[in-house]
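Hello,

Here is the structure I promised to pass on to you. Please have a look at it first, and then read my notes below.

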Amino acid sequence: MEVSVRCKNNSIKIVLVSSVAIYKNFPGVNLVILYDITQLKQVEAKHNSIFNASVEGIITFDMSDIIVSANTAVESIFGYKPEELVGCSIHKLMPLSSRAINDCSSSHAEKIASQIQEIEGIHKNGSVVSLDLSMAEYSIDNERYFTNIVRDVSLRKHQEQQDKQHLNELAHVTRLGLMREMASGIAHEVNQPLAALSTYTQVSLNL
């Protein structure tokens with residue numbers, strides 16, 4: 001068990017407690033072992049605070065594509081609480097994102113892992129979310145795990161779409177302006193000889 005204990009100086013420590021019966025015939029006589037994990041829990045809490053403070057969604061899954069952990073940022077990106085995702089398939093969030101690097105050579109896997117890819121994710125409400133994805137791979141006790149680090153870029157994509165639309169509108173206006181200038185130039189070039197002909201004709205009539 002993991003319990004909190006109060007020390008003589010009133011400080012609180014977190015310890016692992018295990019108990020074993022010394023005599024089979026006397027189950028009430030036990031050997032209790034306490035292991036202080038206070039410092040370990042402090043380090044773990046610090047890492048968890050950094051993990052959950054990240055604005056990027058951090059999702060770790062195993063060789064079977066089953067999610068084993070997720071930070072709190074995934075809720076703002078996908079709408080799911082981290083505990084809702086643990087035990088689910090990664091394809092629930094990113095259908096086109098798989099551990100494709102598993103099927104590649106080591107050098108190619110490292111190249112993919114070091115790149116940022118643009119993919120589409122699925123929000124809890126069914127809407128599509130534009131994402132920047134980077135991947136990492138690591139092993140623990142000979143078990144391979146994969147971490148997807150995702151950032152919601154839907155706002156950026158929307159802005160890019162608006163900028164593209166504005167550029168298209170500007171190009172259209174520019175083309176119309178050029179057409180007007182061309183029409184004006186053609187009219188000028190045509191009017192000049194017509195004016196000359198009219199003048200020469202008037203002179204001829206006068207003569």
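Let me start with a pair of residues: R6 sits across from I12, which belongs to β2. Please keep in mind that this is a predicted model. The strands around that pair are β1 and β2 (residues 12-23), which run antiparallel and are joined by five bridges.

Both strands belong to an open sheet of three strands, ordered β1-β2-β3 and paired in the antiparallel sense. The edges of the sheet are taken by β1 (2-6) and β3 (26-36); each has a single partner strand, so one side of each has no neighbour in the sheet. On average, neighbouring strands here are turned by 50 degrees against each other, with direction ignored.

Strand β4 (residues 57-62) pairs with β5 in the antiparallel sense, over three bridges. Within this pairing, F61 stands opposite I67 of β5.

I also followed A70, which lies in strand β5 (residues 67-70). Is A70 buried or exposed? Its relative accessibility is 12%, and since the cut-off for buried is under 20%, A70 counts as buried. Setting aside neighbours within four places in sequence, A70 is in contact with F51, I58, I59, P82 and L85. V86 is another residue to check from here: A70 and V86 are 16 residues apart in sequence, while their C-alpha atoms are 7.3 Å apart in space.

Now for the core. Which residues touch the most other members of the largest nonpolar core? They are I59, F78, L93, M94 and L131, in a core of 19 residues. The elements giving two or more residues to this core are β4, β5, α2 (73-78), β7 (128-140) and β8 (143-152). Of these, β7 provides the largest share, with four residues.

Not counting residues up to four places away in sequence, F78 touches I59, L93, G121, I122, H123, K124, L131 and V150. Among these, I59, L93 and L131 are also in the group that touches the most other core members.

Best wishes

Conventions. Residues are numbered from 1 along each chain as its sequence is written. This is a predicted model: local features need pLDDT of at least 70, side-chain atom pairs count only at pLDDT 80 or more; totals for chains, interfaces and linings use all residues. Side-chain values use heavy atoms; hydrogens and water are left out. Buried means under 20% relative accessible area, exposed over 50%, partly exposed in between (1.4 Å probe, protein chains only). Contact means heavy atoms within 4.5 Å. Two strands pair if DSSP finds at least two bridges between them. Axes are lines fitted to C-alpha atoms, for helices over the stretch in contact, and angles run from 0 to 180 degrees between N-to-C directions. A nonpolar core is a set of buried Ala, Val, Leu, Ile, Met, Phe, Trp, Tyr and Cys residues joined through side-chain atoms within 4.5 Å.
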